[in-house]
Amino acid sequence: MEINEKLVKKHGLSLEEYSSIKRLLGRDPNFLELGIFSAMWNEHCSYKSSRKHLKILPTKGKQVIQGPGENAGVIDIGDNDAIIFKIESHNHPSYIEPYQGAATGVGGILRDVFTMGARPIALLNSIHFGSPKHFKTKSLLNGVVSGIGGYGNCIGIPTVAGETKFNSTYNENILVNAMAVGHAKKDKIFYSKAKGINKSVVYVGSKTGRDGIHGASMASAEFDENSEDKKPTVQVGDPFTEKLLMEACLELMKDNSVISIQDMGAAGLTSSSVEMASKGELGIELNLDKVPCREDNMSPYEMMLSESQERMLIILEDGKENHARKIFEKWDIDFVIIGKTTKDNNLLLRYKNEIVGKIPIEALASKAPIYDRKWTKKKLPKKKINSKKLNKLNLKDAMIKILSSPNHSNKSWITDQYDQMVMCDTIQKSGSNAAIIRVHGKEKAIAVSVDSSANYCKAHPLTGGKQIVCENWRNLISVGSKPLAITNCLNFGNPENPEIMGEFAECLIGIKESCEFLNYPVVSGNVSFYNGTNNKNIWPTPVIGGVGLIDKLTKPMNHLFKKDNSTIIIVGKTFGHLEQSVFLEEIYSDLDGQPPEINLNNEKNNGEIVLDIIKNNLVYAVHDISQGGLLVALAEMCIGSKLGANIRKPKKLGNIFEYFFGEDQSRYILEVDKKNLTKVEKLLENNNIFYEDIGYTQREKLEIEKEMTVDIKDLCEINNQWYKNY
Amino acid sequence: MNSTVIVFPGSNCDRDIAVALEKMQFKNKMIWHKETKLPKSDLIVIPGGFSYGDYLRSGAIAGKSLIINEVIKVANQGCLVLGICNGFQILTETGLLKGVLLRNKNLKFINKDVNIKVIDNNNKFLKKYKNNQILKINIAHNEGNFFTNKDHLKELNEKKLIAFKYCDENGEINEDSNPNGSIDNIAGIFNSKKNILGMMPHPERMIDNLVSNTDGTNLFSSLLN
């Protein structure tokens, strides 16, 4: 096939990029080679727009075994135990084909984790949909939720936590981010770096079909009215095969047969082979006649670019081939030696006794383009809020409106569709600050949470980036865990637009500042650009997935009130910041103003003391105050527990809405038994932490002095309505 | 007491049941579906999960596997057999238990803790429970909607072959307390000799207070002696 301008553009490459390709090859590429360049040089695989900015993130720490650059990040949790985790987006495929898009998102992220030798122990997700009123939202929600459940339930990994949000900014570009967490032995971690010449390169897993060809390129472009036509680029998931593949790989990894292993994710056979060779500074030779194909007459182009799921590439030690083959035969999984490592640093492809492609590995990897795109800073929006108009409102009505809204309603309609208990180590399920998963057979556990706050990031990306790391940190603290590290999924619009690039750059600066200050490094992640349709970009939505450690699990901490007549205190100061709050959005549809400020000093100090208090067994319940403010947080503590609270009216703060719905950061609500109160107060005072005694727990009713009373039963009812009626 | 857990490709509660059996002092062995001989055992467990990916129909392919012939043989000789969730589905496919498990009434996968009532404890599986005792047990299935014909239903009732029924926290058995649409709220049944129990709820998930509760332990301890 002749390579012309049209064909180059169809492959998502610019003409400048095509010139570089010719320069790197010293000749024109053939059709197959063009496809391979297109797969490796697109945004999704090359990180060409983001790489420069990602460099600023802190990725090191005593707890870090492996930072970004591998299939997933690895952290040390002591006693030779390691936790391996990563989050990844599957936004574009899920919008086109919600069930398969979401399912293969889960499948892909699971492979990233078990490729490294970990048994996956938990799945999480962050899903963002358009307005519930948008005609597509209901079917997308249904499809995505059943896709996530369909894959996780079948493979038998519990889906333990997540977030679901609705906002019209996602009307034509939903977000589906999936996170997987696994457990491995520290001395049994597997990497993708190839080592040694003439080693067997083995293909294992499903056969290669024509699905998903150019999937990664699709994820690197905006949608338009023809996006439906892209359905064939969405892969189809088979969790059953993945289960077998996972068990076979983990069985093979028990001894020393594997030199390196890499899953075939985006850009399939191309990116997996190139990555292994590039990291090992070697070449790789593949005989494409040997690739197991699902269909007849597949061309080398199709084989190299297919994104068929549930496939892996393994480089084996000499003489281990038969041993490995037996394991995969036991699990009825294809096992074929398709090539070998070479010393000449090329990707060499043979098909029907001919060399059909030959590309220097570095041209595909280290010499891929990097862009320093233009970006603009965003000014802090001016405050504007007329607090006078608020007084006409009734506190109770406002709370009810929030708790019955799609974003703040009980989400058991979703979580009941996920198996949260399989593996029998789920100590705390979704619905609390963070999920808790026990390390199998041990006394310790990890806590996990995913969080985002796109409206803060939209209003001021720098503050938003900072805030979201802190909120995630706070959630892990609230269940009594020491936050160790994060993975991030950076969902943004078109990076060629300087404003969008600015949102990206500044969110990252914010993330960096918080991560650095809290010693909370980034160990893995994923960038998803081009989230938008016809020049309409989504709000910047970085999603943070955090992992914390609970050394000794005795009593899991959660946010539910436990006893009546215990004291309720707030740790951290309430200023009453209402701009960008849930309150203004839900009640007044007001989206102006700046997000709440983050004081990293207070964040760290407050969090560390709260963790100390939990570890000393001095509290019954802990809840961080986040979106929705104090009253929503209190209501949440009541709803699950069926206990109520009696709260005093604040003496100082002028406006009651600011006090009860303000979203000031770094705050926690604690339920303290009266007998422990002095101890807790002393701890806080000795560390100069601001706190307030605001009332006590009681039976049946949530009461605010002279303002409102509501039955907990009614509160539950209100909170449970929306999904039932949708 | 020797137990054997049959592992099919796609089983995913095999480890959970093994942990439970060992915790309850069973001497347990895992048997891969390609084996053709069963070790000598007092109890055979067919675990939950998605054997063969639920392809064709949940339990259908496992119900025709090599090892299942051996299970049928020993079950007919009186060996105790417990099928949980997908295990129950497989048992109905083999014919060892009558009835079928249809798609849940709401057409969705359901995972939650539900209340079930012990209907009859006069058998080897449930003797440590009291009749009408209410247990809180986790369910996790897509096809748990038990259905059978009138004759079988009559037999189940007359011969006291119903093990559990879904109920609410006060023990009321009604439509509201029926999570999946099962006929008469049935959650688990015996064969006519009461040596085979099939149930949708997962007792192996209820043996540890840190994870859930210990409402499942008596099922295992009943079997011990």
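1. In strand E25 of chain A, A:Ile669 is the bridge partner of A:Ile570. The model discussed here is predicted. The pairing behind that bridge is between strand E22 (residues 567–571) of chain A and E25(A), which run in the antiparallel sense over 5 bridges.

2. How many residues of E25(A) are buried? For this strand, residues 668–672 of chain A, the count is 5 of the 5, so E25(A) is largely enclosed by the rest of the structure. In a regular strand the side chains alternate between the two faces of the sheet. In E25(A) both faces are covered. One side carries A:Tyr668, A:Leu670 and A:Val672, and the other carries A:Ile669 and A:Glu671, all of them buried.

3. Two helix pairs in chain A deserve a comment. The axes of helix H10 (residues 239–252) and helix H13 (residues 321–330), both of chain A, come within 9 Å and cross at roughly 150°. Angles over 145 degrees count as roughly antiparallel, so H10(A) is roughly antiparallel to H13(A). The crossing of H10(A) with H13(A) is right-handed. H10(A) contributes A:Ala248, A:Glu251 and A:Leu252 to the contact, and these meet A:Ala324, A:Ile327 and A:Phe328 in H13(A). By class, this contact has 5 nonpolar residues, no polar residues and 1 charged residue.

4. The other pair is helix H16 (residues 395–403) and helix H23 (residues 629–641) of chain A, whose axes come within 11 Å and cross at roughly 65°. That angle makes H16(A) roughly perpendicular to H23(A). H16(A) passes H23(A) in a right-handed crossing. The residues in contact are A:Met399, A:Ile402 and A:Leu403 from H16(A), with A:Leu631, A:Val632 and A:Ala635 from H23(A). The classes here are 6 nonpolar, no polar and no charged.

5. Backbone geometry next. Most residues other than glycine have a negative phi, and most peptide bonds are trans. A:Asn535 is not a glycine, yet has a positive phi of about 70°. This residue sits in the loop between strand E19 (532–533) and strand E20 (536–537) of chain A. Is A:Asn535 buried or exposed? A:Asn535 counts as exposed, because 10 C-beta neighbours fall inside 10 Å.

6. A:Glu700, also not a glycine, has a positive phi of about 70°. Its place is in the loop between strand E26 (691–699) and strand E27 (701–704) of chain A. With 15 other C-beta atoms within 10 Å, A:Glu700 is partly exposed.

7. Finally, the contact between the chains. Chain B gives 21 residues to the contact and chain A gives 24 residues. On the side of chain B that touches chain A, the elements giving two or more residues are helix H1 (14–23), strand E6 (110–118) and strand E7 (134–141) of chain B. E6(B) supplies the largest share of that side, 3 residues. By class, the residues on this side of chain B are 11 nonpolar, 6 polar and 4 charged.

Terms used: Residues numbered from 1 in each chain as written. Chains lettered and ligands numbered in written order. Predicted model: local features only at pLDDT ≥ 70, side-chain atom pairs only at ≥ 80, totals over all residues. Axes fitted to C-alpha atoms, helices over the stretch in contact; angles between N-to-C directions. Helix = DSSP H or I, 4+ residues; strand = E, 2+ residues; numbered from the N terminus. Parallel < 35°, antiparallel > 145°, perpendicular 65-115°, else oblique. Left-handed = near helix turned anticlockwise from the far one by under 90°. Contact = placed C-beta atoms within 7 Å. Nonpolar A, V, L, I, M, F, W, Y, C, P; charged D, E, K, R; others polar. Buried ≥ 20, exposed ≤ 12 C-beta atoms within 10 Å, placed from the backbone. Pairing = 2+ DSSP bridges.
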